[in-house]
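Keep the sequence and the structure in view while reading.

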Amino acid sequence: MPGDQCMAAKIAIYNDERGGASRSSADTQCKSFYAGKGVGDYIGALHNANVGGTVKAAFVAGTQITPSVECYVDSCQYWEKGNYCHASSIEVKGPHAAKTIDTDCQTFKAR
Ligand code: SF4
């Protein structure tokens, strides 16, 4: 999308199921990823889809705006009980992503 914004209503970040707890951003993945092929896919799916390979979600202080983030990576410094993310913004990358496993939360910081 223009400005590399994410159109999903909600972003869900998970650990890589093969590795367990994430120790680096490469171990994380965006489960909301949807491999878009055209504008119709982006609008119809309402999942993450980005042309440039980067999605960003910005939050207003104290209140998440759309898209909201649900995160299960409790080894990250930004993770909070209830599966919240308290980073001021997150960046999810997957330049040539075809599957969720190809995406990473670049904002991840190990505890
Ligand atoms: S910055 Fe950390 S807590 Fe926030 S979504 Fe990414 S991995 Fe989850």
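Leaving aside neighbours within four places in sequence, C105 is in contact with I13, S25, T28, C30, I90 and V92. One of its contacts, V92, is 13 residues away in sequence, and the C-alpha atoms of C105 and V92 are 4.4 Å apart.

The wider layout can be set around this point. The chain has one helix and eight strands. Read from the N terminus, the elements run β-β-α-β-β-β-β-β-β. The chain has 111 residues, and 31% of them are buried. Among contacts between residues at least 6 apart in sequence, 60% join residues at least 24 apart.

Confidence comes next. The mean pLDDT of the chain is 75, and 68% of the residues reach 70 or more. The pLDDT is below 50 over residues 38–55, a stretch that has 42 contacts in the model beyond near neighbours in sequence. It is also below 50 over residues 60–65, where the corresponding number of contacts is five. Where pLDDT is low, the predicted coordinates should not be read in detail.

Now take strand β1, residues 10–15, which pairs with strand β4, residues 68–71, in the parallel sense over four bridges. Within this pairing, I11 has V69 as its bridge partner, and I13 stands opposite C71. β1 also pairs with strand β2 (residues 28–30), here in the antiparallel sense and over three bridges.

What do the two faces of β4 look like? V69 and C71 are on the covered face, while S68 and E70 are on the uncovered one. In a regular strand the side chains alternate between the two faces of the sheet.

V69 and C71 are among the residues with the most contacts inside the largest nonpolar core, along with I11, I13, C30, V73 and C105. This core has 17 residues. The elements that give two or more residues to it are β1, β4 and β7 (89–93). In soluble globular proteins, nonpolar side chains tend to be buried together.

Which residues come nearest to it? Of the 14 residues around the ligand, the nearest are C71, C76, C85, C105 and T107. By class, the shell has 12 nonpolar and two polar residues, and no charged ones.

D104 is also located in strand β8, residues 104–105. Is D104 buried or exposed? D104 is buried, because 22 other C-beta atoms lie within 10 Å, and the threshold is 20. Not counting residues up to four places away in sequence, D104 touches S25, A26, T28, Q29, V92, K93 and G94. D104 and S24 are 80 residues apart along the chain, yet their C-alpha atoms are separated by 9.2 Å.

After β8 comes the segment that holds F108. F108 counts as buried because it has 25 C-beta neighbours inside 10 Å. Beyond residues up to four places away in sequence, F108 touches S22, S24, S25, T28, V73 and C76. Of these, V73 is one of the core residues with the most contacts, and C76 is among the residues that come nearest to the ligand. F108 and A26, 82 residues apart in sequence, are 9.0 Å apart from C-alpha to C-alpha.

The last stop is a loop. N83 is found between β5 (79–80) and β6 (84–85). Its phi is positive, about 65°, although N83 is not a glycine. N83 is partly exposed because 14 other C-beta atoms lie within 10 Å, a count between the limits of 12 for exposed and 20 for buried.

Methods
Residues are numbered from 1 along each chain as its sequence is written. A residue is near a molecule or strand if its C-beta atom, placed from the backbone, lies within 6 Å of it. Ala, Val, Leu, Ile, Met, Phe, Trp, Tyr, Cys and Pro count as nonpolar, Asp, Glu, Lys and Arg as charged, and the others, Gly among them, as polar. Two strands pair if DSSP finds at least two bridges between them. A nonpolar core is a set of buried Ala, Val, Leu, Ile, Met, Phe, Trp, Tyr and Cys residues joined through C-beta atoms within 7 Å. Two residues are in contact if their C-beta atoms, placed from the backbone, lie within 7 Å. pLDDT is the predictor's confidence in each residue, from 0 to 100.
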